[in-house]
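Thanks, everyone. Have a look at the model first.

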Amino acid sequence: MRLTYKTHVAEVKNKVTAVNKKLYYVTGKNSKLSLRNKLLLYKTLMRPIMSYVSPVWGAAAKTHINKLETSQNKIARQITQVPWFVRNKRIRKELKLTSKLEFFRKLALKLFNTIDNSSNPAIAEIPNYDPAEPKKKRRPRTLIN
């Protein structure tokens with residue numbers, strides 16, 4: 001069996017959709033909850049599901065990351081209740097949300113900086129990563145380049 005990002009992304013998207021359905025009464029059309037609190041629910045309950053092991057996703061194709069971006073856009077539209085003609089980029093800007101790729105890049109930088117500065121001898125033995133060295137397959141650290 002071949003391990004791919006396709007199945008993982010589909011599973012993550014299904015989990016986010018399930019949580020979103022459970023929270024629809026609180027975040028949906030007839031909700032009396034403030035925009036700030038709706039956004040807080042998204043950031044604390046749904047975004048961690050999407051970003052779990054995201055530093056490894058540097059090797060994933062952009063189409064897979066775009067599927068998660070689509071989920072974020074749908075939730076942002078649901079939270080804000082804006083008309084169909086408002087662009088997703090504008091919604092993200094107003095909510096101060098970054099794109100999924102940028103969010104994953106920040107998490108990857110934080111993780112790899114922590115690894116590089118670790119005093120753990122097992123981690124210190126891991127060879128340094130050289131992005132200039134040509135490889136046939138993309139590596140997780142390609143996300144930060």
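Start with α3 and α4: their crossing is left-handed, meaning the near helix is turned anticlockwise from the far one by less than a right angle; clockwise would be right-handed. Helices here are DSSP runs of H or I, at least four residues, numbered from the N terminus. A quick word on source: this is a predicted model, local features need pLDDT of at least 70, side-chain atom pairs count only at pLDDT 80 or more, and totals for chains, interfaces and linings use all residues. Residues are numbered from 1 along each chain as its sequence is written, and side-chain values use heavy atoms, with hydrogens and water left out.

Back to the pair. The axes of α3 and α4 come within 10 Å and cross at roughly 70°. Axes are lines fitted to C-alpha atoms over the stretch in contact, with angles from 0 to 180 degrees between N-to-C directions. So α3 and α4 are roughly perpendicular, a label for 65 to 115 degrees. Who touches whom (heavy atoms within 4.5 Å)? From α3, E69, Q72, N73, A76, R77 and T80; from α4, N88, I91, R92 and L95.

Now α1 and α2. Their axes are 9 Å apart, at about 165°. That makes α1 roughly antiparallel to α2, the term for angles over 145. This crossing is right-handed. On the α1 side, the contact includes V12, V16 and V19; on the α2 side, L41, L45 and M50 are among the residues.

M50 deserves a stop. Beyond its neighbours within four places in sequence, M50 is in contact with residues including V12, V16, W57, L68, I75 and F104.

Terms used. Contact means heavy atoms within 4.5 Å. Helices (H or I, at least four residues) and strands (E, at least two) are DSSP runs, numbered from the N terminus. Angles under 35 degrees count as roughly parallel, over 145 as roughly antiparallel, 65 to 115 as roughly perpendicular and the rest as oblique.
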